[in-house]
Amino acid sequence: MKVKIFLAYTIIGLIITGGVWARYRTTAVCEEITQCLREEITRAAKEEPGGGDKLQRAIDLWMSNETLFACLIPHEELDRVKQSLLQAQSILTLDDMAEYQLELTGAASGVEIILKYDHPDIRSIF
């Protein structure tokens, strides 16, 4: 009987720990992506050469953490941000900096929305 209770408490502890870890991981990744996008927006506004490095970093971060995000965030939000990132990447090849900045701003806004309201809580963990 004591083993079953210990096992139950261990499982509950692991679930809560996983939820807390996912929250902090999501926050850290979203903040880093937002920072990359803000730096790229600033660079595009100044029309400095070497564009796309920060955007590529943001896309790589997004893609590498997409599985974690899919567990915690509605797919519509994920698809919207991913589409904005990929659209910005394709606009960059056209050298339309105004449109590029607009798309980067949309992607950054989407990531910030996810950062502010889509955190796991006790209800979403169970």
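In this predicted model, Arg80 has a relative accessible area of 38% and is therefore partly exposed. Its salt-bridge partner is Glu77, with the closest N and O atoms 3.4 Å apart. Both residues belong to helix H4, where three residues, about one turn of the helix, separate them. Glu77 counts as buried because its relative accessibility is 18%, below the 20% limit.

The structure contains six salt bridges. One of them joins the side chains of Glu39 and Lys54 at 2.9 Å, N to O. This pair links distant parts of the chain, since Glu39 is in helix H1 and Lys54 is in helix H2, 15 residues apart. Glu39 is partly exposed at 31% relative accessible area, and Lys54 is partly exposed at 35%. A further salt bridge is formed by Glu66 and Lys82, whose closest N and O atoms are 3.6 Å apart. Glu66 lies in helix H3 (residues 66-72) and Lys82 in helix H4, so parts 16 residues apart in sequence are tied together.

The largest nonpolar core comprises 28 residues, and Ile33, Leu37, Leu55, Trp62, Leu85 and Tyr100 have the most contacts inside it. Helices H1 (2-46), H2 (53-64), H4 (75-92) and H5 (97-117) each give two or more residues to this core. The most come from H5, which gives eight. Beyond four places in sequence, Leu37 touches Leu55, Ala58, Leu85, Leu104, Ala107 and Ala108.

Just after H1, Glu47 takes a positive phi of about 55°. Tyr9, a residue of helix H1, is exposed at 60% relative accessibility. A nonpolar surface patch of about 770 Å² includes Tyr9 together with Met1, Ile5, Ile12, Ile16, Val20 and Tyr24.

How values were computed:
Residues numbered from 1 in each chain as written. Predicted model: local features only at pLDDT ≥ 70, side-chain atom pairs only at ≥ 80, totals over all residues. Heavy atoms only, no water. Core = buried A, V, L, I, M, F, W, Y, C linked by side-chain atoms within 4.5 Å. Buried < 20%, exposed > 50% of the residue type's maximum accessible area, 1.4 Å probe, protein only. Helix = DSSP H or I, 4+ residues; strand = E, 2+ residues; numbered from the N terminus. Contact = heavy atoms within 4.5 Å. Patch = residues over 30% accessible without salt bridge, like charges linked within 9 Å, V, L, I, M, F, W, Y side chains within 5 Å. Areas by Shrake-Rupley, 256 points an atom, 1.4 Å probe, with all protein chains shown as cover. Salt bridge = Lys/Arg side-chain N within 4 Å of Asp/Glu carboxyl O.
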